[in-house]
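Hello, and thanks for asking me to look this over.

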Amino acid sequence: MNRLKLRKLRIGIVKKMIIGYVVIILLPTICIGLLYYKQIHNNALKDFANNREYFIQQFGSSLTMNMNQIEMIHDIFQTNKVLSGLLSGKYKTESDQVNVYLKELVPLFSFYKSNSFYIDQIRIYKSDPKVRNMGTSIVDSDGSIPSRATGLKVGEGYWLQEMSTPSAVQMIYYKKLYNEDFSRAIGLMEIRLKYTFLSSMFHSSDVKGTPLHYYMAEDSNPRKGITHTEIVALSAKLPLASPDKIRIYSAVQKSKSLQYMDSELGLLMMNSFYVPRLSSTILTVTPTSELFQKTQNSVQFYLLMISALLLILSCAYFFTVSTVVQRIVKLGKHMRGNLLAKYKEEQDSDEIAFLVSSYNKMIDRNDELTSKVDISQLRQKEAAYLALQAQINPHFIYNGLEAIRMAAEESDSPDVAKMIYALGQSIRYSLSKSQYVVLRDELSHIRSYLQIYKVRMEERLQYEIEVEDESLLRIACPRFIIQPLVENAIVHGISKKRGTGTLRIRLYSEGPLALVCIQDDGAGISPERLEMLRQKLDGIVSMPEPEQEQGGIGVMNVHERMISHFGPAYGLTIASELGVGTTITLSMPKEGNAVEAPHR
């Protein structure tokens, strides 16, 4: 039953491709796109909120600075001795009062009124009825003065907000003037600012004009009998309904500089700055929908990029999958048409190529099995033929060379005899079945090897073998670890040098190590070649197969055999200078590997 259910669930390769496309390409791209869009949305909102927060803080600082400058005007008037004398009754006659006012005080009033863009009027309510009224600048006190202003003490000031219309607010500053010794009040100074003071500051501070500004002021004008909080719109772009104002009242009570709230206009972002001297809060209210309208171009570009990315990924997916399917279909057609023939395909290293390789190997194996009987018969015939042939064994070769050497000595040819003797010793050493020898046998083979080269090169080759410690000759080592290095020194070093070359082989100990130094004064190795050899020895550069040198099995072969026998801490090192010579040093443990030389 379970097998039947699994068979029913099996689907074709085309459907699998579609499911793979949805799971691997479509859904991840859409999910990543949505997450990235959400991140862009949140970052844009956060940046805009930070900008609004920075703006409202800057506006609050500018407002505080302008209020300080306006309050400083009172200090200047307070220190004016002419104005103090006039209000204190120093000038008795009206002509003196008018003369002093026109000559000394009118320029003062005009200067601050004309040079300050925000000041609408400067007025002083005098306390002494004997002082003459001077136009609108110095007048008698009346009922328009708020009670809080008349009760101010020395050094106290009072800011009043008057709302003439629901969309306009006028700020007025009150502070008393005193005589020179501050013993009595001589007047009350009133500085009226223009109705456009706050809105002008908003527009000048925010050059882009993007936010919608509102000013929340506490109107406590006793002349009108109003003592409630009202929101005055300094921009008519976004009129607030009553429910929205109630929400703003509640939000202001939370004392947070940045808040979000739902309204009839959608989600609103509100930044606030509280001004203690005004007992009021400065607000900027911005619908978040306007922010997203301004980023619409960026969103469209982002959607275009996501669509382009999805299209590219889809094309790459279908191209890759269709290529794999076509290769599988071709292999299937070949197997149906000619099962026993190899399938030829372009060389590749993917899984399909591995499948093709396995199929071809199966064909080869099948051919091998089908021809096994014929091959067995051919081998039987070949064995019978070889049984009839004479067998030349290694002892026969060595005995023949020994006979030739004795004939050369009888013919008075000592050099030929020495060379044949050395060749015979080398062949005998080479044909030995033992994989390991002692250094005594290895150096004995090197002496025979060098005698052959000496006869060939005559005076061009000079050599010496030095053994500093005879006990080192008993150390066991793999065969042919010195001869390839000696051969390289002669073939690639001394033979390429003009004149006589010297080869020195030195066996010595250094601490726990036994060292074999092969030194020549031949052509040397170039720095590039030397660096490459060192990297190969250190395993930095890998080699596909053991390096083959002319006349030997190579430096790498010797190094790897040393490591295999003694361990990774041992091996060989190379030092060389082009035109000077080369030194190769073999290192092996001095203790623990010494054996008795075999009897030969």
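Which residues does V486 touch, not counting residues up to four places away in sequence? I take that up in point 2, after some ground rules.

1. **Ground rules.** This is a predicted model, in which local features need pLDDT of at least 70 and side-chain atom pairs count only at pLDDT 80 or more, while totals for chains, interfaces and linings use all residues. Residues are numbered from 1 along each chain as its sequence is written, and side-chain values use heavy atoms, with hydrogens and water left out.

2. **V486 and its surroundings.** V486 touches I446, Y449, L450, L503, I505 and I518, leaving aside residues up to four places away in sequence; contact here means heavy atoms within 4.5 Å. V486 is also among the residues with the most contacts inside the largest nonpolar core, along with I482, L572, I574, L586 and M588. That core has 43 residues. A nonpolar core is a set of buried Ala, Val, Leu, Ile, Met, Phe, Trp, Tyr and Cys residues joined through side-chain atoms within 4.5 Å. Buried means under 20% relative accessible area, exposed over 50%, and partly exposed in between (1.4 Å probe, protein chains only).

3. **Who builds the core.** The elements giving two or more residues to this core include α14 (439–457), α15 (483–494), β14 (501–510) and β17 (581–589). Helix α14 gives the most, with 7 residues. There is also a second, separate core of 41 residues, which includes F109, I122, M189 and M201. In soluble globular proteins, nonpolar side chains tend to be buried together.

4. **L439.** This residue of helix α14 counts as buried because its relative accessibility is 0%. L439 is in contact with L472, L473, I475, C477, I482, L507 and M588, leaving aside neighbours within four places in sequence.

5. **T582, a polar side chain under cover.** T582 lies in strand β17 and counts as buried because its relative accessibility is 9%. Its side chain makes a polar contact with the side chain of S576 (2.9 Å). A polar contact is a pair of N or O atoms within 3.5 Å; within protein, one must be able to donate a hydrogen and the other to accept it, and residues adjacent in sequence count only if both atoms are side-chain atoms. Among the residues T582 touches are I518, G524, I525 and I574.

6. **Salt bridges.** A search of the whole structure finds 8 salt bridges, each a side-chain nitrogen of Lys or Arg within 4 Å of a carboxyl oxygen of Asp or Glu. R504 and E466 meet in one of them (2.8 Å, N to O). R504 lies in strand β14 and E466 in strand β12, so the pair ties together parts that are 38 residues apart in sequence. E468 and R506 form another (2.7 Å, N to O). E468 lies in the loop between β12 and β13 (476–478) and R506 in strand β14, so this pair also links parts 38 residues apart in sequence. Salt bridges that share partners join E464, E466 and R504 into one network.

7. **Two backbone angles to look at.** Most residues other than glycine have a negative phi, and most peptide bonds are trans. F182 has a phi near 55 degrees, a positive value in a residue other than glycine, and is found in the loop between β4 (168–178) and β5 (185–193). E458 has a positive phi of about 55 degrees although it is not a glycine; its place is in the loop between α14 and β12 (461–467). F182 is partly exposed, at 43% relative accessible area, whereas E458 counts as exposed at 55%.

8. **The chain as a whole.** The secondary structure comes to 17 helices and 17 strands. Helices (H or I, at least four residues) and strands (E, at least two) are DSSP runs, numbered from the N terminus. Buried residues make up 39% of the 600 residues in the chain. Among contacts between residues at least 6 apart in sequence, 62% join residues at least 24 apart.
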